[in-house]
Amino acid sequence: RKEYVDLYVDYVFNKSVQKTFEDFMRGFLRGCPARNWKMFFPEELQVLLQGCKTFDWHLLEKNVVYRHYKNLDQIIRNFWTVFHELPEEKKKMFLAFLSGSDRISGYELECFRFCIADPQVENPDESSPYASTCSLILFLPR
């Protein structure tokens with residue numbers, strides 16, 4: 001029985017996907033040669049490919065650039081008060097709204113900067129916050 005189980009597991013996890021995996025590996029190595037990846041430790045490579053999963057949210061606040069706002073404006077203070085009271089999952093949802101991903105890939109929060117801007121619309125009460133994910137700008141109407 002043990003031999004049968006070992007052979008079955010080997011088939012399911014190795015032999016049945018061998019051709020598909022080899023095709024994937026060949027394509028992956030064509031775009032990303034293995035010699036370029038050898039300079040990373042496995043943990044560093046994982047962060048580079050998957051992104052960071054834990055964040056210092058106060059550092060995120062510190063790195064924000066403001067356009068048409070100052071960090072002491074009441075709306076900005078209210079924004080950060082509400083943001084810091086959110087549960088972790090909601091903060092990651094905000095990050096996804098802002099950047100298109102709930103992770104920051106390739107680098108830590110020290111390097112991640114985004115902008116909070118006033119869209120300067122005629123009637124701010126009729127406008128909702130929106131984001132430019134390519135430019136990392138959160139448009140926050142007054």
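Helices (H or I, at least four residues) and strands (E, at least two) are taken as DSSP runs and numbered from the N terminus. The model is predicted, so that local features need pLDDT of at least 70 and side-chain atom pairs count only at pLDDT 80 or more, while totals for chains, interfaces and linings use all residues. Residues are numbered from 1 along each chain as its sequence is written, and side-chain values use heavy atoms, with hydrogens and water left out.

The largest nonpolar core contains 20 residues. Such a core is a set of buried Ala, Val, Leu, Ile, Met, Phe, Trp, Tyr and Cys residues joined through side-chain atoms within 4.5 Å. Buried here means under 20% relative accessible area, exposed means over 50%, and partly exposed lies in between (1.4 Å probe, protein chains only). W80, F112, F114 and I116 have the most contacts inside the core. Two or more core residues are given by each of α5 (57-62), α6 (74-85) and α7 (88-99). The largest share, four residues, comes from α6. In soluble globular proteins, nonpolar side chains tend to be buried together. With residues up to four places away in sequence not counted, I116 touches V64, V65, Y66, R67, Y69, I76, F79, W80, L138 and L140, where contact means heavy atoms within 4.5 Å.

Helix α7 also holds K91. This lysine is buried yet has no salt bridge, a salt bridge being a side-chain nitrogen of Lys or Arg within 4 Å of a carboxyl oxygen of Asp or Glu. The nearest side chain of opposite charge to K91 is E88, 4.9 Å away; Lys and Arg count as positive and Asp and Glu as negative, and His and the chain ends are not counted. Neighbours within four places in sequence aside, K91 is in contact with W57, F83, H84 and L86.

Five salt bridges are present in the structure. One of them joins the side chains of K2 and D6, at 2.9 Å from N to O. K2 and D6 are four residues apart in helix α1 (residues 2-13), and therefore about one helical turn separates them. K2 is exposed, at a relative accessible area of 61%, whereas D6 is partly exposed at 41%. In helix α2 (residues 18-31), D23 and R26 lie three residues apart, about one turn of the helix. The closest N and O atoms of the salt bridge between D23 and R26 are 2.6 Å apart. D23 is partly exposed, with 33% relative accessibility, and R26 is partly exposed, with a relative accessible area of 48%. A network of salt bridges links K19, D23 and R26.

A salt bridge is also formed by R142 and D118, with the closest N and O atoms 2.7 Å apart. This pair links distant parts of the chain, 24 residues apart: R142 is in the segment after β4 (137-139), and D118 is in the loop between β2 (115-117) and β3 (130-132). D118 is buried, with a relative accessible area of 11%.

Y11, in helix α1, is partly exposed at 47% relative accessibility. F24 belongs to helix α2 and is exposed, with a relative accessible area of 52%.

In the loop between α7 and β2 lies I104, which is buried at 3% relative accessibility. I104 and F55 are 49 residues apart in sequence, with a C-alpha to C-alpha distance of 9.0 Å.

Most residues other than glycine have a negative phi. Q120, which is not a glycine, has a positive phi of about 50 degrees. Q120 lies in the loop between β2 and β3 and counts as exposed at 53% relative accessibility. A positive phi, near 55 degrees, is also found for L136, in the loop between β3 and β4. L136 is buried, at 18% relative accessibility.
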